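Here are a few friendly notes to read beside the model. Please keep the structure open and find each residue as you go.

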Amino acid sequence: MTIVTILLWTTAALLAGFALLFLWARRINNFGVVDVAWSAAFAVVTLGYAAAGGAPLSRRVALAVIAAAWSLRLAIHLGRRVAAHHPREDARYAQLRRDWAGRLDLKMGAFFALQALSVVLLSWPLLAIAHNPAPRWSAPEFAGALLVLVALAGEALADRQLAAFKRRQPGPGGICAEGLWRYSRHPNYFFEWLVWLGFALWAWPAPGGPAGIASPAVMLYLLLRVTGVRATEDQLARTRGEAFRRYREATPAFVPWFPRQPAARPAADSPPLP
């Protein structure tokens, strides 16, 4: 099966799957499930790439295992968060409902379709790795796979630290400024970006692999300007007020580094989430 054929089948399957997901999300009145499906889709897509790819078995197996571990961990994490808040919807999607009032089905349906297409576009490094015919692993491949594993561990640690902080809080207010969150306001996003950078490095020696650098570039833009840092901080500014302002002044936004002043502490009168 050629790469073009694989891409066409993948695109068609994802568009159909996300269309069905849209109908289900509309029925349960929670569009936040698209985040879970988007994350899990990479495991399914990578398994397909590995099965149909022409790379040596060791490379395809390593790709399938590592990519599935990253994809499914993130999907499970997001799935637990969606389930814990259901039927209340994530604040980002509640805002989209307000912004798109009157044409919600059309615009949200298009949004789900774009999510499906983004999986195809971003997964190019995974496809290139699965079709790399080189009999031996090169240094960039080893470095890329190692970077993915390190980033996966960092992202999981950041998520666990934030979850532990929230469990200790008497209410939903407050700012987590401990562990990795002392050195970055968004360590989970930073390590998520490193995952994509690792896959791009892993794919670099493959035919067409250098084009995979577009994936971490696009993901960096999305994380910083669209669905990640900006959206999260807008929400925190509205709901955490002065506590978040102090935390923002003290802590780097993305790349972990030492705080500019002692880490902010949650304000006693931090307003709760709506």
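The numbered points below go from the ground rules to loops, a pocket and aromatic rings.

1. **Ground rules.** This is a predicted model, in which local features need pLDDT of at least 70 and side-chain atom pairs count only at pLDDT 80 or more, while totals for chains, interfaces and linings use all residues. Residues are numbered from 1 along each chain as its sequence is written, and side-chain values use heavy atoms, with hydrogens and water left out.

2. **N30, a residue in a loop.** Start with N30, in the loop between helix 1 (3-28) and helix 2 (33-52). Helices here are DSSP runs (H or I, at least four residues), numbered from the N terminus. Is N30 buried or exposed? N30 is buried, because its relative accessible area is 2% (buried means under 20%, exposed over 50%, partly exposed in between, with a 1.4 Å probe and protein chains only). Leaving out residues up to four places away in sequence, N30 touches A25, V82, H86, P87, R88, E89 and R97; contact means heavy atoms within 4.5 Å. The side chains of N30 and H86 are also joined by a polar contact of 3.0 Å. Such a contact is a pair of N or O atoms within 3.5 Å; within protein, one must be able to donate a hydrogen and the other to accept it, and residues adjacent in sequence count only if both atoms are side-chain atoms.

3. **Two backbone details.** N29 is in the loop between helix 1 and helix 2. Its phi is near 60°, a positive value in a residue other than glycine. N29 counts as partly exposed, because its relative accessibility is 45%. Now look at P87, in the loop between helix 3 (57-85) and helix 4 (91-99): the peptide bond from H86 to P87 is cis, with omega near 10°.

4. **The second largest pocket.** This pocket holds about 290 Å³ of space. Helix 1 and helix 2 are the elements that give two or more residues to its lining, and helix 1 gives the largest share, 8 residues. There are 16 lining residues, with T10, A13, L14, V44 and V45 nearest the centre. By class, 13 are nonpolar, 3 polar and none charged.

5. **A buried loop residue.** S123 sits in the loop between helix 5 (104-122) and helix 6 (124-130). S123 counts as buried because its relative accessibility is 0%. Its contacts, not counting residues up to four places away in sequence, are F42, V45 and Y49.

6. **Aromatic rings.** How many aromatic pairs does a search of the whole structure find? The search finds 20. Rings of Phe, Tyr and Trp (its six-membered ring) pair if their centres lie within 6.5 Å; planes under 30 degrees apart count as stacked, over 60 as edge-to-face and the rest as tilted. F199 and W202 are stacked, at 6.2 Å centre to centre and 15° between the planes. They are 3 residues apart in helix 8 (residues 187-203), so about one helical turn separates them. F199 is buried at 1% relative accessibility, and W202 is buried at 0%. W257 and F258 form an edge-to-face pair, because their ring centres are 5.4 Å apart and their planes are at 70°; both residues are exposed. Finally, F199 and W202 belong to one aromatic cluster with W38, F42, W70, W137, F142 and W196.

Technical notes: On a 1 Å grid over the protein atoms alone, a cavity is a set of points where a 1.4 Å probe fits but cannot get out, and a pocket is an open set with protein on both sides within 12 Å along at least five of seven lines; lining residues have an atom within 4 Å of a point. Grid points are joined across faces, edges and corners, and a volume is the space filled by probe spheres set on the points. Ala, Val, Leu, Ile, Met, Phe, Trp, Tyr, Cys and Pro count as nonpolar, Asp, Glu, Lys and Arg as charged, and the others, Gly among them, as polar.
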